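Have a go at each task before you read the solution.

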Amino acid sequence: MISTDPYWKRSFSDLMSHLERMQQDELRCKQFAHVLSILSKVLEGSEVLPPVPQLWEFFGKMVINSYSIHDELHENVIGSGVYLGASYLDHQCCPNAIVSFSGTKLAIRALEPITQPLPNQVFISYIQNDAPSWERREELLQRYYFRCLCSMCTTDAEQTDKQMTSVKCFMANCDGFTGIKEINNDGYCQLWPCVKCKVIEFPTEYVDEVCQLWLETRKFVKDLNKMFESGEIQNALDSAEENLKKVENSLFHESNLNIVSTMAIAKDACISLQLWEKAAVYSEKVLKQVPQYSSCINIMDSLSLLKLAKLYIYLDRPTETVQVLDKVRLDI
Ligand SMILES: [Zn+2]
Ligand SMILES: [Zn+2]
């Protein structure tokens, strides 16, 4: 539809390149120098290589507007490409549409009814939104050079961030939780008020401990993911379970994203190792917490529900299979 609809018509010259910002970015300069050296080698002696300023413009447009092309299960990246019509789409952390691929063919699918499917009414998420607002905003600034002001980053930030970064309240008689408002690059850290006792003043040592624990486990989850993706499945599972035991009695509250992400990797490792029973337990725990983060429709959650249904089939649990499939139907 997009390629023939005049509202979605675009040419390469219409694309944004953020050239000035990009030329001040050390990493981008290194990437450009690398691309330029390859092009010069491949096209050595020929006169087809455009002048450097023009190449910078091409490079900028491609970096900003490229889509990672995923396989149909949305699990592996198989390439990247610039799609002119789809490059119209702006970002929102809680989008109303999603991009999917069939081979290299791109489709934009609505996640909710969109009365006017015009470019300025359809939003996708440029990044994974399972991160607190300050991390998402930083990633968007670094990769796409804009500051996100969507509702999930502004009016809804307190609710979603508090759930994702939840830690037990420090007050002895309170079983509520609080969460991290922001950790900036200088290590400055702030907490939200407790959901139950509403306390807003926290001892410095408590704030320091919370933020330190968050940063350490965030790094742990990233390393664990790398371990899993590099094929060290058993090691990843052992490491995940060891860490889960460690954080069980820590300051983290059960909905904390780092606990949930660790359990999600443990679940994937169990699936790879065909430990169906254990995989189902982890999957149930993850799916109990994730919907609390926000009311956004997330296609990855629906895929997780489908995987859980498949696990129940393997475990010969027909009643639970039907219950989960009903939930998927309601979700998508
Ligand atoms: Zn946002
Ligand atoms: Zn409290």
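## Exercise 1: the length of a helix

Task: check whether the end-to-end distance of helix H9 (residues 276-289) agrees with its 14 residues at 1.5 Å a residue.

Solution: Keep in mind that this is a predicted model. Start with the expected span, which takes 1.5 Å times one less than the number of residues. For the 14 residues of H9 that should give 20 Å. Now look at the end C-alpha atoms: they are 20 Å apart, so the two values agree.

## Exercise 2: what H9 hides, and behind what

Task: find the buried residues of H9 and say what covers them.

Solution: First, pick out the buried positions, which are Ala-279, Ala-280, Tyr-282, Ser-283, Val-286 and Gln-289. An α-helix has 3.6 residues a turn, so residues three or four places apart point the same way. Next, look at the cover: it includes helix H8 (257-272) and helix H10 (299-314).

Now take the pairing with H10. The axes of H9 and H10 come within 10 Å and cross at roughly 150°, and the crossing is left-handed. On the H9 side the contact is made by Trp-276, Ala-279, Ala-280, Ser-283, Val-286 and Leu-287. H10 brings Ser-304, Leu-305, Lys-307, Leu-308, Leu-311, Tyr-312 and Tyr-314. Sort these by class and you get ten nonpolar, two polar and one charged residues.

## Exercise 3: the nonpolar cores

Task: work out which elements supply the largest nonpolar core.

Solution: This core has 40 residues, and those with the most contacts inside it are Ile-265, Ala-266 and Ala-269. Strand E9 (180-183), helix H6 (204-229), helix H7 (233-248), H8, H9 and H10 each supply at least two of its residues. H8 gives the largest share, with ten residues. Zoom in on Ala-266: leaving out residues up to four places away in sequence, it touches Leu-237, Ala-240, Glu-241 and Tyr-282. A second, separate core has ten residues, including Trp-8, Tyr-67, Tyr-83 and Leu-89. As a general point, nonpolar side chains in soluble globular proteins tend to be buried together.

## Exercise 4: a buried aspartate

Task: is Asp-161 buried or exposed, and what does it touch?

Solution: Locate Asp-161 in helix H5 (residues 157-164). Then count: it has 26 C-beta neighbours inside 10 Å, and buried takes 20 or more, so Asp-161 counts as buried. Setting aside residues up to four places away in sequence, Asp-161 touches Pro-132, Ser-133, Gly-179, Ile-180, Lys-181 and Trp-192.

Terms used:
Residues numbered from 1 in each chain as written. Chains lettered and ligands numbered in written order. Predicted model: local features only at pLDDT ≥ 70, side-chain atom pairs only at ≥ 80, totals over all residues. Helix = DSSP H or I, 4+ residues; strand = E, 2+ residues; numbered from the N terminus. Buried ≥ 20, exposed ≤ 12 C-beta atoms within 10 Å, placed from the backbone. Contact = placed C-beta atoms within 7 Å. Core = buried A, V, L, I, M, F, W, Y, C linked by C-beta atoms within 7 Å. Axes fitted to C-alpha atoms, helices over the stretch in contact; angles between N-to-C directions. Left-handed = near helix turned anticlockwise from the far one by under 90°. Nonpolar A, V, L, I, M, F, W, Y, C, P; charged D, E, K, R; others polar.
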